[in-house]
Structure formats: structure tokens, C-alpha cells
Amino acid sequence: MWGWGKAPITQYEVNNVKKYNTAILGATGAVGQEFLNLIAQRHFPFDNLKLLASKRSAGKVINFQGKDYTVEEATEESFKDVKIALFAGGSASKTFAPAAVKAGAVVIDNSSTFRMDPEVPLVVPEVNPQAIARHKGIIANPNCSTIIMVMALKPLYDVAKIKRIVVSTYQAVSGGGKEAMAELEEQVQDIVAGREVTAKILPGAALPKHYQIAFNLIPQIDVFKDNLYTKEEMKMIDETKKIMEDDGLRITATTVRVPVYRSHAESVNVEFFADVTEAQAKEALAAFPGVKVNDTPAEMAYPMPLFTSGKDEVEVGRIRRDYSVEHGLNFWCCGDQIRKGAALNALQIAEYLIEKDML
Ligand code: 3JM
């Protein structure tokens, strides 16, 4: 099984002298900044590095590994000579992905724009690397909550086919960007100081109403669809089926914003077609790259967002039978949604393309 999850990558320095012109679109945001952290940490073999953003952020200077980079405004001409284009997300993808592909780049896109396009592979490298080879210039990175869940589902699915999934998420504010993190901090400070609280960002900056997130939970992530699910919930449902290559998989989801800075948590109930014991589940999860089992109830050991923040692994714990159905299992998982849920997963896709000489 291919996967980088268990160890940091350093072999490029040793056996891969080839370097690739790389661009980051959305370089100044939370995901963009994490791209830079990971590029440094994993010794990603970039040659020229282009930092692109909207007009608003153009001109900002970012020091990276001792060198100053001026953030450029993204235009359709920005991708000349770029081989790897890492798109941090947002509406810019729709405009610039086709331009980047036309210029000869492979786009790894973190937005939802192309995820459900049958022509575009939707990839978690540990789960469905086989899909990468089908790309026609764009490879989509799944939604953060989807990535964290399928990392835990795939090893279980390989023990016994999954019939149905019920998932509830506990999603950190950083999923809503830097502004949402600042809003939580400000609200906590205001409350502690006895000042009036203002809410301007969550559950979504563009929405007509805003609610306090400090000391609260908001059961709305993104907008509502006609079926009364939120877009985030439908992303989890649709994307999971595509990644697992199982249209018959039954999934229902409830996605909730919680006053946590970073790392999403998910309560997942799984019904299988055949029996899966707790021991089998633990063994399969522990052997899966990028997953760490943290499940020792006697020692009160289980995953918590505070301790998975900044980490690469998705942690899984609270593994136990669901005695209410014939072949059921419950688990709880946590993962850093800006790392594995976004920038790390995208960079792993780029590393796969490099490793397999597919660029
Ligand atoms: C996570 O363009 C936008 O409004 C961004 C919306 C967004 C997305 C998305 O749909 O691409 C915000 C936060 C995601 C995501 O990863 O699905």
C-alpha cells in the first residue's frame, strides 16, 4: 500500500534531483500558508515557487526559507511554465484551473468546483490512488470532513463491505478560514471581559444571519439545499461514494460547527454486510498509512482535536460495537482539517505524481 503517512519525506534530497515549477493559488490564506509549511517540512522538490492570490492580497511579501516572495495577483497568464498548481480553494478555481491546465500545469484543486465532475479524479492518496492516473489536468482534493472520514472508513471497508454510514461532525472554526478563527478569539475575549459580543462571519460570511460561536454550537455549515441538508453534508455524502467507488453506499450526515480552533472531529456509525470485531477494526486501522489508533479506554486515551492539531495522522478511537444492529461499529475520529483535510492531502497527490513520474 502506497502512503506517506508514517514518516516525513526526505528521500527527494537523496534520489530525486528533478524539481518542478510550483504555484500556490490562495497563498495568503490558512490552506495556502499550510502548503508552505508542508513544502518546507517534507522537502517538496519545487523549483520556481510562485505565490498567487486575489488582487486584495497581491503585493504582500512572504518570507519562505529565508527568501522573500511577493504575492502576485492571479491572472490567466500566471501559469506559464508552471508544472504543479496547488489551488487552496474558493471560487478562483473555476476561472484559473482551465487556464492553468491550458498552460500545461497539473492542478490539484482544493475547492468543490470539480469534485463531482466524472472527468476529474477525487483523491485521497491512501484510499484511491488508482484514480490519479485518469486525470486530464485537474485532480480534486475532497472536502476536509470527507477526507478525515474516508481515511478511517477505507481500512474497515477492506475488512467487510460497508452497507450504511451515519456521521455527525464537530468541525473547527478554522474550516471557515482565518476570519472565523479570529471571530472565535474575539468573542471569547469579549465575553470574558463582559463586553457585547458581535458575530459577523459564522456560520458563513455571505449568509444573511450570523450567530455567536463562542460557548455555542452551530448546526449549519455552508448553505441549505432543497432537501434540507447543508451543502457540507451533501459533500460528505456524494464525495464519499465517489472516493470509495461505491454508489450503493448509504450515508447520512449532520455537520456542526464547534468552538474549537483547529482539527475536525467526527462520530461515525458504520453498518457492515458482515461481522467486524473491535479487534479486527483496530488491527486494520493501525496498519493503514496515515491513521493512528488512539483507543485505550482504561487509560482514558482517545482522539481529541486539541492534540491532533498540527499533526499529519487521522486519529481513531472509541471503537466499539453498535449492538443495535447485526454488524455495526461506532468510532470517533479527529484530524487536522487544514493539514490532512486540505494542504497535506493535496501535496501528497503532487508527491504521488512525482514519485510515479506522471508529470
Ligand atoms: C470549504 O468558493 C467558496 O465560497 C468556498 C466554499 C468552501 C468550500 C468549497 O465549496 O469549495 C468553503 C470551505 C469548501 C470545501 O472544501 O468544500
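Analyst: Happy to; let's go through the sheet strand by strand and then turn to the helices. Please keep in mind that this is a predicted model.

The sheet is an open one built from 6 strands, and their order across it is β10-β9-β11-β14-β13-β12. The pairing between the strands is mixed. At the edges you will find β10 (250–257) and β12 (291–293); each has a single partner strand, so one side of each is left without a neighbour in the sheet. On average, neighbouring strands here are turned by 20° against each other, direction ignored.

A handy place to start is T169, which stands opposite E266 in β11.

Now for the helices. Helix α6, residues 231–244, packs on the sheet and touches β9, β10 and β11. The direction of α6 makes about 145° with that of β10. Helix α7, residues 278–287, also packs on the sheet, and its contacts there are with β12, β13 (314–322) and β14 (328–335). Compared with the direction of β13, that of α7 makes an angle of about 165°.

So, to trace this part yourself, begin at the edge strand β10, step across to β9 and β11, and find α6 touching those three strands. Then carry on through β14 and β13 to β12, where α7 makes its contacts.

Notes. Residues are numbered from 1 along each chain as its sequence is written. This is a predicted model: local features need pLDDT of at least 70, side-chain atom pairs count only at pLDDT 80 or more; totals for chains, interfaces and linings use all residues. Side-chain values use heavy atoms; hydrogens and water are left out. Two strands pair if DSSP finds at least two bridges between them. Helices (H or I, at least four residues) and strands (E, at least two) are DSSP runs, numbered from the N terminus. Axes are lines fitted to C-alpha atoms, for helices over the stretch in contact, and angles run from 0 to 180 degrees between N-to-C directions. Contact means heavy atoms within 4.5 Å.
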